[in-house]
Amino acid sequence: ASTKPSQRRSKETATVLIAIIFIGSTFFSFGSVCLGSLLVGFVQVLRQITENFRPNRDGTLLMCLHECLVCAQECIVGCVDKMSDSFNPWAFTYIGLYGYGFMEAGHNATELFKTRGWTQIITDDLIPNVLFLVSIMIGGVTGFFGQLVQENDNFDFNDAHKPAVTSFLIGACVGLVVSSVLLTIISSSTSAVIVCFAGSPVEFQKNHTQLSNEMREAWREVWPGCMDVTDMKISMAIGNAEDNV
């Protein structure tokens with residue numbers, strides 16, 4: 001019975017903190033969010049393109065032409081990597097949580113993941129790609145629904161020689177945009193969980209031991225070795241706590 005009031009107070013505290021973070025990111029950090037929204041998408045597209053040009057040093061490097069190509073590839077990929085260190089989606093999470101400017105937030109997020117040894121994790125675009133496929137599916141369904149509505153209700157598109165195609169495209173665009181906005185909530189929530197886990201693994205282990213163990217075990221299965229630094233940090237914190245006791 002004594003734990004229920006404490007749980008209620010912790011939930012109320014979490015609600016207040018979320019409200020404060022939302023107000024801060026909406027009003028005080030809105031410029032940083034706008035700057036990131038303008039540039040992050042472009043940098044992400046560049047990073048996806050340059051991944052195919054990342055140099056592979058297998059083969060005969062004594063050939064002058066091959067050396068020149070490798071040098072050019074390294075230069076291009078290096079420039080894009082430097083841009084993506086600051087202009088990355090994780091910066092939005094840092095802005096919302098800590099109130100940094102966009103450039104500083106992106107740099108701090110990148111340094112945090114490098115310190116944890118999670119560079120492979122942050123470059124994995126599995127969740128955004130899955131959500132994008134879901135948005136495309138929703139767009140296709142709404143486009144098909146728009147076509148059915150046009151055929152049944154006989155909507156007339158004055159300048160459209162192919163009203164079925166026009167209605168499908170209109171419905172698909174509406175569904176794609178609306179679903180992308182809504183599914184961004186899932187992507188942002190996932191980013192917030194990863195950033196909080198990377199920034200405060202000891203606190204997470206202390207307050208939610210079972211969830212922390214399950215999360216670290218799941219990550220070990222997908223990315224072996226990614227939890228070595230985090231496990232060491234948690235073990236040191238537990239050892240220090242036992243020594244103090």
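This is a predicted model: local features need pLDDT of at least 70, side-chain atom pairs count only at pLDDT 80 or more; totals for chains, interfaces and linings use all residues.
Biologist: Thanks! Where does UniProt place the transmembrane regions?

Modeller: The unreviewed UniProt entry places "transmembrane region" at residues 16-46, 126-148 and 168-198. Those positions are in the numbering used here, feature names are shortened, and annotations may be inferred rather than shown by experiment.

Biologist: How much helix is there over residues 16-46?

Modeller: Residues 16-46 are 97% helix and 0% strand, with end C-alpha atoms 39 Å apart. Helices (H or I, at least four residues) and strands (E, at least two) are DSSP runs, numbered from the N terminus.

Biologist: And over residues 126-148?

Modeller: There the chain is 100% helix and 0% strand, and the end C-alpha atoms lie 33 Å apart.

Biologist: Switching to the surface, which residues form the nonpolar patch?

Modeller: Phe144, Leu148, Val165, Phe168 and Leu169, with about 420 Å² of accessible area together. Patch residues have over 30% relative accessible area and no salt bridge; like charges are joined within 9 Å, and nonpolar side chains (Val, Leu, Ile, Met, Phe, Trp, Tyr) within 5 Å. The areas come from the Shrake-Rupley method with a 1.4 Å probe, and for residues only the protein chains shown count as cover.

Biologist: Which helix gives the largest share of the patch?

Modeller: Helix α8, with three residues. Leu148, by contrast, is found in α7, and Leu148 is partly exposed at 33% relative accessible area. Buried means under 20%, exposed over 50%, and partly exposed in between (1.4 Å probe, protein chains only).

Biologist: Now α5, please. Which of its residues are buried?

Modeller: In α5 they are Phe102, Ala105, Gly106, Ala109, Thr110, Leu112, Phe113 and Arg116. Down the axis of α5, these buried residues fall within an arc of 160 degrees, so they line one face of the helix. The arc is that of the directions from the helix axis to the C-beta atoms.

Biologist: What comes just after α5?

Modeller: Gly117, which takes a positive phi of about 75 degrees.

Biologist: How many salt bridges are there?

Modeller: The count comes to one, taking a salt bridge as a side-chain nitrogen of Lys or Arg within 4 Å of a carboxyl oxygen of Asp or Glu. Glu217 pairs with Arg220, their closest N and O atoms being 3.1 Å apart.

Biologist: How do Glu217 and Arg220 sit in the helix?

Modeller: They are three residues apart in α10 (residues 209-222), so about one helical turn separates them. Glu217 is partly exposed at 40% relative accessibility, and Arg220 is partly exposed at 28%.

Biologist: So which residues of α10 are buried?

Modeller: Ser212, Met215, Arg216 and Trp219. Those buried residues fall within an arc of 95 degrees down the axis of α10, so they line one face of the helix. On the other side of α10, Gln210 and Glu221 are exposed.

Biologist: Last one: how far apart are Glu203 and Ala237?

Modeller: They are 34 residues apart in sequence and 9.6 Å apart in space, C-alpha to C-alpha. Glu203 is found in helix α9 (residues 201-207).

How values were computed
Residues are numbered from 1 along each chain as its sequence is written. Side-chain values use heavy atoms; hydrogens and water are left out.
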